[in-house]
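Please read it with the structure open beside the text.

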Amino acid sequence: MREGLVLLQLRAEWTHLGGTWSTPGGAIDSHESAVDAALREAAEENAIPAEAVRVIDIFPSVAHPDWTYHFVLGTLRVDVEPTAANNESEAVAWLLPD
């Protein structure tokens, strides 16, 4: 496993803030919690199965008047090799937090 590292994805150019590195993420569907959405997005964008993730905490922070960002922090229960699983990610990498 990648102890001490953070998984980031390179956003595809056509996406919001394309060409930048960020955590996997996306919009919450009307029937989902923030945690459910985070797990779904990690699976869709980076091929990380929900059952492989142990959620540690959730940090909401209002960054815009029209929406709220929720940062869901988790660790892997098992060793999983993430990939750029759809066209929203150009690359993924395990990086030091700084």
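Among contacts in the protein between residues at least 6 apart in sequence, what percentage join residues at least 24 apart? The share is 51%, a value that, like every other one here, is computed from a predicted model.

**Overall fold**

- Taken along the principal axes, the box filled by the C-alpha atoms comes to roughly 35 × 30 × 25 Å.

**Surface and charge**

- Of the 98 residues in the protein, 23% are buried.
- The side chains include 5 positive and 16 negative ones, with the centres of the two sets lying 6 Å apart.

**Nonpolar core**

- The largest nonpolar core is made of eight residues, namely L7, L39, A42, I48, A52, V53, L76 and V80.
- Leaving out residues up to four places away in sequence, I48 touches L7, L39, A42, A43, V53, L76, V80 and P82.
- V53, which is found in strand 3, has a relative accessibility of 18% and therefore counts as buried, the cut-off being under 20%.
- Beyond residues up to four places away in sequence, V53 touches L39, I48, G74, T75, L76 and R77.
- V53 and D79 are 26 residues apart in sequence, while their C-alpha atoms lie 10 Å apart in space.

**Loop positions with positive phi**

- L17 has a phi near 60 degrees, which is a positive value in a residue other than glycine, and L17 is located in the loop between strand 1 (6–11) and strand 2 (21–22).
- A47 likewise is a residue other than glycine with a positive phi, in this case near 55 degrees, and its place is the loop between helix 1 (34–46) and strand 3 (53–64).
- With a relative accessibility of 37%, A47 counts as partly exposed.

**Partly exposed strand residues**

- I58 is found in strand 3, and its relative accessibility of 32% makes I58 count as partly exposed.
- Not counting residues up to four places away in sequence, the contacts of I58 are with A34, V35, H70, F71 and V72.
- One of these, V72, is 14 residues from I58 in sequence, and the C-alpha atoms of the two are 4.4 Å apart in space.
- T75 has its place in strand 4 (residues 67–76), and at 30% relative accessibility T75 counts as partly exposed.
- Once its neighbours within four places in sequence are left aside, T75 is in contact with A52, V53, R54 and I56.
- T75 and G4 are 71 residues apart along the chain, and a distance of 10 Å separates their C-alpha atoms.

How values were computed. Residues are numbered from 1 along each chain as its sequence is written. This is a predicted model: local features need pLDDT of at least 70, side-chain atom pairs count only at pLDDT 80 or more; totals for chains, interfaces and linings use all residues. Side-chain values use heavy atoms; hydrogens and water are left out. Buried means under 20% relative accessible area, exposed over 50%, partly exposed in between (1.4 Å probe, protein chains only). Contact means heavy atoms within 4.5 Å. Lys and Arg count as positive and Asp and Glu as negative; His and the chain ends are not counted. The place of a charge is taken as NZ of Lys, CZ of Arg, CG of Asp or CD of Glu. A nonpolar core is a set of buried Ala, Val, Leu, Ile, Met, Phe, Trp, Tyr and Cys residues joined through side-chain atoms within 4.5 Å. Helices (H or I, at least four residues) and strands (E, at least two) are DSSP runs, numbered from the N terminus.
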